[in-house]
Amino acid sequence: MTQEDRAARVHTRLVFGAHWAFLAFFGGLGAYHVVTLVMTALRSGHASVDPLALLDVGPMLLLAFLPSIVLALGPVLASRRWGAGPTQDFGWLPTARDVKVGLACGVLALVVGSLLNLLILGLYGVDRVSDSPLTELAEGVDENETLWLVLAALIVVVATPLAEELLVRGALWNALEYHRIPRWVILVLTAVVFAYVHGEPTRTVALLGQGLAIGLARMRTGRVGASLVAHAANNLPAALLLLTGS
C-alpha cells in the first residue's frame, strides 16, 4: 500500500467519524424529543388509555427522567457501530485528573448558577425564577416510597449527567472539534445546547452559565470524564433537595 493510499484511508476514516459524531448527536436529541412527545400525549389524554396513570408515584418519579436518559442512545450506539467505543471515543471513565478538574469546575458551576439565579431574582422578582422541577416530582411521595427517591437521586447525580455529557460534551464537541471550530466557540455552543435540552426557560441564563463552567472541565482535559464529574457535582444539591422533598 502506497503512502497516498494510507493517507486516503485515514482521511476517509476521519471524515466518516465526523459524520457519525453529528449523527450521534442528532440521533440522541431526536430520541429525546420523541420520548417527550409520547409521554406528553399519554399524560394529556390523547391516547385512549393512559398507562402512566396506572403507575404508582414511585415509578412515575423515575419515568420523568426517561427523556433525559435517552439522550445517550445516539452517542453510545453510533460509537459502538462506527467508532472505537464510548471509552475511547469520549473518554467517559474519569481518571484521577478528571476528578480533580471536574470537582473544581463543578463547584464553579454551582457558584455561577446560584449567582445568576440571584441576579435574575433581584431584577425580575420571584416569578421569573421557578422552583426546581425536582421539588414537584418529590411531592406526594410518602415515607413508604423513600426507596424511589433514593433511586431518583442516583439518576440525578449519575445517569442524567452521563447521558447529557455523552451527547453535548461528547458527540457534539467531537464533531465540532474535528471541523476545527475554535475551542471557545465550542464551549459556548455546547453550553447553549446544554441549557436548551433542560427545557426550563426561567433558568436558561443560570443553565448557560453552569454549562460554560462544566464545559471548562472538558476543555481543560479533553475528556468527557472530567465534565461528567463536574456535572455530577453540580447536580448533587438538587439530588439532596429531592431526598428532602423541600
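In the predicted model, residues 24 or more positions apart account for 78% of the contacts with a separation of 6 or more. The protein has eleven helices and zero strands, and its pattern along the sequence reads α-α-α-α-α-α-α-α-α-α-α. Of its 246 residues, 41% count as buried. The accessible surface comes to about 13300 Å², and carbon and sulfur atoms hold 66% of that area.

The mean pLDDT of the protein is 82, and 76% of the residues score at least 70. Confidence is highest in helix α10 (residues 204-221), at a mean of 96, and lowest in helix α7 (residues 133-138), at 55. The pLDDT falls below 50 over residues 5-16, a stretch that has five contacts in the model beyond near neighbours in sequence. Residues 46-55 also stay under 50, and for these the model has 14 contacts beyond four places in sequence. Where pLDDT is low, the predicted coordinates should not be read in detail.

Helix α8, which spans residues 146-178, contains glutamate 164. The relative accessible area of glutamate 164 is 5%, so the residue is buried, the limit being 20%. Beyond its neighbours within four places in sequence, glutamate 164 is in contact with Ser68, Leu71, Arg169, Phe194, His198 and His231. The C-alpha atoms of glutamate 164 and isoleucine 69 lie 7.7 Å apart in space, although the two residues are 95 positions apart in sequence.

Four salt bridges are found in a search of the whole structure. In one of them, the side chains of glutamate 165 and arginine 169 meet at an N to O distance of 2.7 Å. Both residues of this pair belong to helix α8, where they are four residues apart, about one turn of the helix. Glutamate 165 and arginine 169 are both buried. Arginine 169 is also among the contacts of glutamate 164.

Another salt bridge joins arginine 218 and glutamate 177, with 3.7 Å between the closest N and O atoms. This pair links distant parts of the chain, since arginine 218 lies in helix α10 and glutamate 177 in helix α8, 41 residues apart. The two partners fall into separate accessibility classes: arginine 218 counts as buried because its relative accessibility is 4%, while glutamate 177, at 38%, counts as partly exposed. Arginine 203 and glutamate 200 form a further salt bridge, in which the closest N and O atoms are 2.6 Å apart. Arginine 203 has a relative accessibility of 17% and therefore counts as buried. Glutamate 200 is likewise buried, at 15%.

The search of the whole structure also finds two aromatic pairs. In the pair of tryptophan 20 and phenylalanine 90, the ring centres are 6.3 Å apart and the planes stand at 75°, so the arrangement is edge-to-face. Because tryptophan 20 is in helix α1 (residues 3-43) and phenylalanine 90 in helix α5 (residues 86-90), this pair ties together parts of the chain that are 70 residues apart in sequence. Tryptophan 20 is buried at 9% relative accessibility, and phenylalanine 90 is buried at 3%. The other aromatic pair consists of phenylalanine 25 and phenylalanine 26, which are also edge-to-face, with 5.0 Å from centre to centre and 70° between the planes. Within this pair, phenylalanine 25 has a relative accessible area of 5% and is buried, whereas phenylalanine 26 reaches 52% and counts as exposed.

The most is given by α8, with four residues.

Key: Residues numbered from 1 in each chain as written. Predicted model: local features only at pLDDT ≥ 70, side-chain atom pairs only at ≥ 80, totals over all residues. Heavy atoms only, no water. Helix = DSSP H or I, 4+ residues; strand = E, 2+ residues; numbered from the N terminus. Buried < 20%, exposed > 50% of the residue type's maximum accessible area, 1.4 Å probe, protein only. Contact = heavy atoms within 4.5 Å. pLDDT = per-residue confidence, 0-100. Areas by Shrake-Rupley, 256 points an atom, 1.4 Å probe, with all protein chains shown as cover. Phe/Tyr/Trp six-rings, centres within 6.5 Å; stacked < 30°, edge-to-face > 60°.
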